[in-house]
Every structure is written in C-alpha cells, then in structure tokens.
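A few notes follow, beginning with the ligand.

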Amino acid sequence: MTNKDFDFDVVIVGLGPTGGTLANLLAMNNLSVLILERESGIYNLPRAVHFDDEVMRIFQTIGITKTIAKKLIINKGTKFLDENDNLILDWPRPKVITENGWYPSYRFHQPDLERSIRQRLKIFKTVVTLQNSEVFKIINKKNFSVVHYKDLKTEEIFSVKSKYIVGCDGANSFIRNEIKTEMEHLGFEQRWAVIDLILKTKKINLPDRTIQYCNSVRPATYCRNVGKRRRWEIALKENESAEKFFEDKTFWSFLSQWVLPHEVEIERKTVYTFQSAIAKKWRKGRSFLVGDSAHLTPPFMGQGMCAGIRDASNLAWKINICCKNGHNERLLDSYQSERSSNVRDYINTAMKMGELLNSIGGTKVSDTVYVQQDGTIKMNSIKPALGKGLGDIKDKNRGKIFPSLKIGINKDFDSLFSCNSILITNKKINQKQLKIKAYNVSKIPEIENVLKYFNTSSLIIRPDRFIFGSSDKNNLEKFSESYLKETYI
Ligand SMILES: Cc1cc2nc3c(=O)[nH]c(=O)nc-3n(C[C@H](O)[C@H](O)[C@H](O)COP(=O)(O)OP(=O)(O)OC[C@H]3O[C@@H](n4cnc5c(N)ncnc54)[C@H](O)[C@@H]3O)c2cc1C
C-alpha cells in the first residue's frame, strides 16, 4: 500500500493532554494526523495540578515551555501530617535543576496547559482537528485501520482510513473496549471530593507546600496551586453522597479550618472515584492505548497525566518509524513492555501514599523512604526505569535517561537531534558506513564527560532521550546495526 491509499498516517481519538502531546510529536515527524474529539471545548473540572521535570522536557521537545512557563510555579514538595499536625513524612522537591534540565516538580492549571498544547498544533499543516466528533466504530486490518465517527452537530457519519489508531480517549476509553482488553485492578478505590478555590484576599495564611492530612476518618489533601488558586481534595465517608458532602453545613464545617466562605470563590468542584488499574493489553494490531485509557492512578503523586505524556513520547517515534519504513511488530510491542512497569511503579507508590493518608502512619511508602536524625521520615522521588523493551538487557546503560545538556553558548543538545536517534562517540566516525546519524563528541567536553559518567565510549540515544545502548568497541557499524535490527524491519 502506498501513502495515497491512506487518508491519514495516524488517527488520534481524544484531545486531552496525552492526545495533544502525541499529535505534536507525530506532526514534528511530518506525519499526517487526524484528531477526533467528542467535546466542543477543553474539559473544565478539577484535574491535574502537578507535573515533573521529565514531562517538562517533553514539553520542551514540542516547543511549548516558553508559553507555559508564565503560568507555572515551582513546587516545593509535600508534607504528610498526622491528626495532631505532627510531621510523619517529608517529600521535599528541592529547587535544583535535574538531569532533565528542569526543576523536579511544577504546579500548573490543566486547562492552561491544554490550551498551549492545542495552540502549538496549529503550526502544523499535516494536522486536522475535528471537535464535536465522536468515534463509534473502528476496524483493525492487517495493513490498515478504519475509524468511523459522527459529527455531533450535524449527525453526519464519516469514516477515514489510516495506518494507525491511537486511543487517547481517557478513563472510560471506547478504544479500550474495541480492542477487547480488560483492566487489571490494583486495589485502591475511594471517592474523593475535589474543590478548586480562588483566594479573594492575600492575608490568608495557608501553607506553600502540598499537605497530606493523614486521618482514618476524613483524609484530605491541600495543594498550593498557581496564583490565587488553591485546592482541597477530601475523602468521602463510606455511605456519604456527594450532595450531602457539598451541603454548606458539612462542607464549610470541614473547610473552615483553613478558609472562610467570604475569603474565597469556589471555582469548580466535583467528586471522583480515585482508582488504580492498568489495561492488560495496550495494543491490538494497529490500535493503541495511551494515557488514562491505558492506566489509572490515584492522584496522590500527581503522576496520572505525567504517565500519559511519557507514553506519548515513547510511542511517537516508534509509530514514526513504522509509518515510514513499514509495520514492525517487535518495535510496537516494546511500547507496552517499556511503559507498563514504569507506570505500575508509580501507581503502587501512589497507592501506598493513599494508605498512609487513610491511616495515622505506619505504612512504608517506597524504598526511597528513610528516617532522618530528628526521627521524621523523608522520601526521595522515585524514577522507575523503563521495562524490558528494546536493546540488550545486559547493557547497564540501556533504558537510562540521557541527560539534557547545554553545549557551546547555551545551546540545548536535545535540539540538535530533535526527533531523531543519534549515535555519540569519542571514536573515529565514518558516517557513510552508518545508517544512523553519528557525532564525534571528543571536542565537546560537556558530552565527553557524560560518556565518562556512563563509563562507555559510544551511546545510541533514542528520540525520546532514553539510551538504547552503549558500546566500548571500535566497530561502530556493528553497534549501529544492533539498533537498526530492533527498530527497522
Ligand atoms: C482530582 C485529580 C487530580 C489529578 N492530579 C494530577 C496531577 O497533579 N498530575 C498528573 O500528572 N495527573 C493528575 N491527574 C490525572 C490527569 O488529570 C489525567 O491523567 C489526564 O487528564 C488524562 O489525560 P488523557 O489525555 O489521557 O485523557 P483525558 O484528558 O480524559 O482526555 C480524553 C479525551 O478523549 C475524548 N473522548 C473520549 N471518548 C471519545 C470518543 N469516543 N470519540 C472522541 N473523543 C473521545 C474526551 O472527550 C476527552 O477529551 C489528576 C486527576 C484527577 C481526577
């Protein structure tokens, strides 16, 4: 089949943060993309307020950091307090630039981010976005796929043929149903009210960190959000209805510990069931699940959307290779194999946090938790590795993130290879013999030092900034072939 046989390279179902990021990454590779979104506007109930350095680096790749920087604050961290406000666990997020070139943790307003992602998509002529368009049927054939959708305004039915379909269609994913995969439920399920407030006065003395109020009766979370925005997440009791909780008497009797009705404006409020689950299969043939359609986590680590953005970054370059060089089962299978164990680690840690919140202490949160000299317990952030996926699993550098580097006068090394893989080496290069772009970095001390840090003389870096593999051998041709063997058919 030629490109003329397809309407689009990829159809993305759902334009949340995951679908929007994926569309940007695919379009940067010159792929043609159709985005079908059921709603007419951006979702406006309270959701994500935090993302991390790795996600900010992906936003850097798609070129939105300048726009979103104006609307972010650096997050200082989280404290877990017991019922008497004693510190049980401290999770600081030091204001130090990480290996990803950004601060470890940011606070943001999800609709602002989604607007920036959508705005960025407008620079690409190969992207078509159709809102009010609901997907109701897909066909998954060996060599192509077909998506059927309905224009919700005119009731007209359309169908498009594409090489791939990606379901970025959220927690109640239609694509997940279509590929007939089940969710593996990991155990946490609890209803929480989420309330976003805007402070009317500066005088209110509220913490400038996230506080997790651990309590066996009414656990709660306070988030210091951007500008005058503040959030409370409050667990509902077993048989308590949302209506009952939101009655002024119940609601304000709890919230008035911190703020009074005349001091704040309620921006939005709702009740969610926080869940922990992972889809058993993330792909069937030419259809994929990405983001909330593939996994759900309680939000205690602020990692649900982050995981979806990481999925998008992992899958985009693999789909790009398949669209240009032909469908490659092994490469596409590596998507779930690399991402699902990483997501699982985040969900398990978030569930432990949930247990701690629902108790008055005593739960071990993760292996990075330790007791300090003053007796309080401190937690370092976790950075789970990629799962098995691509490359030689005996290679100690495989699957590690390659750091973000400034070279020369403040130039980002990432921008030099943008959406491509590269081989960097301090050995002599004969580019004609290599099918992958190679750089000799022996005259760039910033990068040579990184090779030393990884204790190797050559590295292949993937477009998503993870290391495919390392080699000390002189035969770069053989090394680059090991990459081609796994990624090209
Ligand atoms: C209270 C709360 C706090 C959170 N806090 C954080 C946090 O701090 N940090 C973090 O990283 N994450 C957080 N999350 C999680 C985060 O909000 C989600 O993981 C993220 O929004 C999911 O993005 P998505 O693009 O995968 O799905 P969604 O944003 O749900 O987008 C799916 C889209 O698909 C569309 N769609 C669905 N079906 C169809 C169809 N058949 N046809 C066409 N379109 C369709 C929908 O209209 C929707 O726009 C939080 C979540 C909650 C509830």
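1. The ligand is surrounded by 35 residues, the closest being Gly-14, Gly-16, Gly-170, Gly-291 and Gly-304; a residue counts as near if its C-beta atom, placed from the backbone, lies within 6 Å. Two or more residues of this shell come from each of helix H1 (17-28), strand E3 (50-52), strand E9 (133-140) and helix H8 (304-325). H8 gives the most, with four residues. Helices (H or I, at least four residues) and strands (E, at least two) are DSSP runs, numbered from the N terminus.

2. Please keep in mind that this is a predicted model: local features need pLDDT of at least 70, side-chain atom pairs count only at pLDDT 80 or more, and totals for chains, interfaces and linings use all residues. Residues are numbered from 1 along each chain as its sequence is written.

3. H1 also deserves a look for its burial: 12 of its 12 residues are buried, so the rest of the structure largely encloses it. Here buried means that 20 or more other C-beta atoms, placed from the backbone, lie within 10 Å of the residue's own. Asn-30, with a positive phi near 65 degrees, follows H1.

4. Now to the domains. An automatic or database assignment divides the chain into domain 1 (3-71 + 108-182 + 277-337) and domain 2 (406-487). Their C-alpha centres lie 29 Å apart. Their contact (C-beta atoms, placed from the backbone, within 7 Å) takes 11 residues from domain 1 and eight residues from domain 2. H8 returns here, giving the most to the side of domain 1 that touches domain 2, with four residues.

Conventions
Contact = placed C-beta atoms within 7 Å.
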